[in-house]
Amino acid sequence: MSTNGLKPGDINLASHGDMERLGKPPHEYFEVLRREAPVFWNPPPDPQHPRFNCPGYWVLSKYADVAEASKDPARFSAWENSVLWTNPKENPIVLEAQRSGLMGMDPPQHTQFRRLVQPGMTPRKVAALEPFIREQAQQVVEELAARGTAEFVFDVAADLPMILLCQLMGVPQDRRDEYLTLGNNVANVEFNENFEHDNIMLFVFLDEIVQAAEDLGDDTMLAKYLHGEVDGRRLERQEITQFFLTLSIAGHETTRNTTAHFVRLMDEHPDQKALLLEDLEGRMPNAIHEVLRHSPPVMQFCRTATCDTEMRGVPIAKGDKIYMSYISANRDEEVFDDPHRFDILRPNADAHLAFGTGPHFCLGAALARTQLRCLLEELYRRLPDIELTGPPTPMNSVWFNGLTAMPVDACPHAAASA
Ligand code: HEM
């Protein structure tokens, strides 16, 4: 990949203006950072985001460093100042909310809370859900086939993650659209001017669900939280609702964008699509890993140094944020050969860090992989000719590698052959 004379510091990774100008993740820039400044201070952007101040952070761009920091919560804390690139310490309410969700905790508290829900998310538990997931996937694909053309991201890829979240939490299916709208509004944290209002609305919505679920059986995730104990005490309602609020964003935005990236990448690489179609079920799991490696939906999460420390000899002061770049780690040439190439047969594609690693490793990884596999197998079996009819619209974000729209024709040859 040509890096065109780029230098460390030429792009501010916290600047929405820079991201909008680029219109895609800055892979060339990360290549420069990995080579020349693998632990690099990214200053606060100028101008700052109107609502979220970024204090600046140390960008970790090498695979080994992202993995090391993820696995060392005693040195790099999620609790101290959240996993966001912003500065919640400026606002005690925001900081408290972040700390009451699983992502914003450190061990041993994190271990105790995670233990409550982890048993419900094991590969075996997810495998038991597969018939339901497949049936729902078939329905989503049939609806697309009937429509013919569609905006793929929100009208197709968003459906299955939402259906499954509703199922896991016991949200009635007839409230799904309301939940989807609220979840999307809150996930759009960077540009939704009514974010605070929508966040409260989602909290109130989930709180109603929690209240209505008091008598649920023990097999929903929500019931596990409702009836679980940490340190010999029942969880408070706010803790339960906060957990589901985190899940509402973690569980659908990510899977939706991965589905969309998969279809986009197959469209951009007809040779890879042909390989996939030759052995759809056999090659699908590795193809999903390769999409997650090549185009991870979450660009980064942050941690905060709990002491004066260093990485690769670069001093990091107590209280400094570090930015763990999954986008860059996944293209580290020391781990992946010819890393910019999209190759669904790549032997170590599953070593990607799109789900993170260490104690906060994505709790929904097995569920995400299963739903992606079911949906994409059904899609390419039923509609193998699906193609993009225009360029996808990238999301302007310093956090998500997302798409906000992608027009498709599900059966482009139907008219010609009719
Ligand atoms: C392709 C889809 C997904 C991707 C790429 C993804 C990615 C991630 C990443 C990067 C983290 C943070 C790791 C860290 O901080 O070290 C995470 C955490 C988490 N994810 Fe996912 N995720 C996906 C789908 C899901 C789904 C479907 C669910 C649940 C329904 C889910 C639930 C969670 C939860 C609860 C956490 C917090 C875990 C903890 O802090 O212990 N995710 N995910």
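Which residues does I322 touch, not counting residues up to four places away in sequence? I322 touches Y57, W58, L60, A69, F76, C302, R303, A305 and I316, where a contact means that the C-beta atoms of two residues, placed from the backbone, lie within 7 Å. The structure is a predicted model, in which local features need pLDDT of at least 70 and side-chain atom pairs count only at pLDDT 80 or more, while totals for chains, interfaces and linings use all residues. Residues are numbered from 1 along each chain as its sequence is written.

I322 belongs to the largest nonpolar core, which has 107 residues, and those with the most contacts inside the core are L60, I322, Y323, M324 and Y326. The largest share of this core, eight residues, comes from α17. A nonpolar core here is a set of buried Ala, Val, Leu, Ile, Met, Phe, Trp, Tyr and Cys residues joined through C-beta atoms within 7 Å; a residue is buried if 20 or more other C-beta atoms lie within 10 Å of its own, exposed if 12 or fewer, and partly exposed in between, with C-beta atoms placed from the backbone. Helices (H or I, at least four residues) and strands (E, at least two) are DSSP runs, numbered from the N terminus.

In total 25 residues surround the ligand, the closest being G251, T254, G356, C362 and G364, and a residue counts as near if its C-beta atom, placed from the backbone, lies within 6 Å of the molecule. By class, the shell has 15 nonpolar, nine polar and one charged residues, with Ala, Val, Leu, Ile, Met, Phe, Trp, Tyr, Cys and Pro counted as nonpolar, Asp, Glu, Lys and Arg as charged, and the others, Gly among them, as polar.

Helix α6 has 25 residues and reaches 34 Å from its first C-alpha to its last, close to the 36 Å expected at 1.5 Å a residue. α6 bends by about 45 degrees at L129, and a proline, P131, follows within four residues; the bend is the angle between axes fitted to the seven residues ending at a residue and the seven starting there. Just after α6, G148 takes a positive phi of about 85 degrees.The expected span of a helix is 1.5 Å times one less than its number of residues.

Most residues other than glycine have a negative phi, and most peptide bonds are trans. The peptide bond from D46 to P47 is cis, with omega near 5 degrees, and P47 is found in the loop between β1 (39-42) and β2 (57-60). D231 has a positive phi of about 55 degrees although it is not a glycine, and D231 is exposed, with 7 other C-beta atoms within 10 Å.
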